[in-house]
Amino acid sequence: VQLQASGGGLVQAGGSLRLSCAASGRTFSTAGWFRRAPEKEREFVGAISWSGDSTYYADSVKGRFTISRDNAKNTVYLQMNTLKPEDTAVYHCATSPRARASRTYEYAYWGQGTQVTVSS
């Protein structure tokens, strides 16, 4: 499985970005997003089930971020609105065979990450 994340960039606080994660090869039921800010631990952002019927998010992004997926395109999206400087991080997508996975060890495959920088 290969995952390719894209869509990162520099945006002002309050702005929006949409990240994409394209998968090739075998994919698993749950697709998730994580982020890692400088000098911080990797943080779970949110995830979506295979059907797309179930999504769940970290409290820090709930109400601002939305995850969706298009299985026909093998692509998962992370729509980020009302961005804050504290959202600045490298964002990674990953896939897991487990339902409602939110821990890094539950994810089997990872993309290389895309940088998101939010200026104040």
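Ala5 stands opposite Cys21 in strand E3. The model is predicted. This briefing covers an open four-stranded sheet, the pairings of strand E11, and the setting of Arg98.

**The open sheet**
- Strand E3 comprises residues 17-24 and is joined to E1 by five bridges, the two strands running antiparallel.
- The order of the four strands in this open sheet is E1-E3-E8-E7, and the pairing is antiparallel.
- Strand E1 (2-6) and strand E7 (65-70) each have a single partner strand and stand at the edges, so one side of each lacks a neighbour in the sheet.
- From one strand to the next, the twist averages 15°.

**Strand E11 and its partners**
- Strand E2 (residues 9-12) runs parallel to E11, and four bridges join them; Gln12 has Ser119 of E11 as its bridge partner.
- E9 pairs with E11 in the antiparallel sense over three bridges, and Val90 has Gln115 of E11 as its bridge partner.
- In a regular strand, side chains alternate between the two faces of the sheet.

**The setting of Arg98**
- Arg98 lies in the loop between strand E9 (89-96) and strand E10 (109-110).
- Arg98 counts as partly exposed because its relative accessibility is 43%, a value between the 20% and 50% cut-offs.
- Leaving aside residues up to four places away in sequence, Arg98 touches Ser29, Thr30, Tyr105 and Glu106.
- Ser49 is 49 residues from Arg98 along the chain, and their C-alpha atoms are separated by 9.3 Å.

Definitions and conventions:
Residues are numbered from 1 along each chain as its sequence is written. This is a predicted model: local features need pLDDT of at least 70, side-chain atom pairs count only at pLDDT 80 or more; totals for chains, interfaces and linings use all residues. Side-chain values use heavy atoms; hydrogens and water are left out. Buried means under 20% relative accessible area, exposed over 50%, partly exposed in between (1.4 Å probe, protein chains only). Contact means heavy atoms within 4.5 Å. Two strands pair if DSSP finds at least two bridges between them. Axes are lines fitted to C-alpha atoms, for helices over the stretch in contact, and angles run from 0 to 180 degrees between N-to-C directions.
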